Amino acid sequence: MRQHKAMFRYVEDILYSYDRKKGEKSKNQIAYDRYAHTVRVYKWMIRITNQLRDDTMDVESLKIATIFHDCGYSAGSNEDHAAMGAAICRDYLERRQYPPEKTDFICYLIEEHSNKKLFHEKNTPVELIVLMEADMLDDTGAMGIVLDSWISSKNEGATFESVCRHFEKYTYRHMKQMEFVTAPGRQFWHEKRKLVYEFLRQYKRDLGDMK
């Protein structure tokens, strides 16, 4: 992270006005820190790439794409955040005379990181797969349990049962449906999935389900 300190600062600054203003709610009515998410995704990306040890992978481009992958939220549009993030990153790199081919690839990774249709396609670059996996590894597993509890507790009249239903609808269903591609990604996902399944089993038992 040290060699990209300026990029992290740049992204933090543009995201600060989006979701870190005092009293502002930016995700599902909770004070979600999008920059903190970016840092966590970066760390997941490093864990995956360190275990992959793929000499053909453009790790430097992947690192930059990961730093900028969610900066488009600063524009205030959830739907277009990937395209907006690619545009912000392109402007940043071009002003610093970054190589055009590298810039194009980095911006491609950012623009497509939410396009899950590419996740299992044969010709999808491994860099994009890793970015997608790192992004999905955040806010899931133990963090997904906390996040779902946090979000559902904001609903008026929230109960233990309503939190359970919310958890089943989001974190549990998401982890049940999604399969990862890289070997380290699959291992991390398996560990998180195991935790989520066991949590739901025990939680439902505590609520009175005797199965």
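Helices (H or I, at least four residues) and strands (E, at least two) are DSSP runs, numbered from the N terminus. On that basis the chain has nine helices and zero strands, and its pattern along the sequence reads α-α-α-α-α-α-α-α-α. With a radius of gyration of 18 Å, close to the 17 Å from the globule rule for 211 residues, the chain is as compact as a globular protein of that length; the radius is taken over C-alpha atoms, and the rule is 2.2 Å times the number of residues to the power 0.38. This is a predicted model, in which local features need pLDDT of at least 70 and side-chain atom pairs count only at pLDDT 80 or more, while totals for chains, interfaces and linings use all residues. Residues are numbered from 1 along each chain as its sequence is written, and side-chain values use heavy atoms, with hydrogens and water left out.

**Dimensions and packing**
- The C-alpha trace spans about 60 × 40 × 30 Å along its principal axes.
- Buried residues (under 20% relative accessible area, 1.4 Å probe, protein chains only) make up 45% of the 211 in the chain.
- Of the contacts (heavy atoms within 4.5 Å) between residues at least 6 apart in sequence, 65% join residues at least 24 apart.

**Cysteines**
- The whole structure contains zero disulfides, a disulfide being a pair of cysteine sulfur atoms within 2.5 Å.
- Cys 89 is in no disulfide, and the nearest cysteine sulfur, that of Cys 107, lies 4.7 Å away.
- Cys 89 counts as buried at 0% relative accessibility, and Cys 164 counts as buried at 5%.

Definitions and conventions
Buried < 20%, exposed > 50% of the residue type's maximum accessible area, 1.4 Å probe, protein only.
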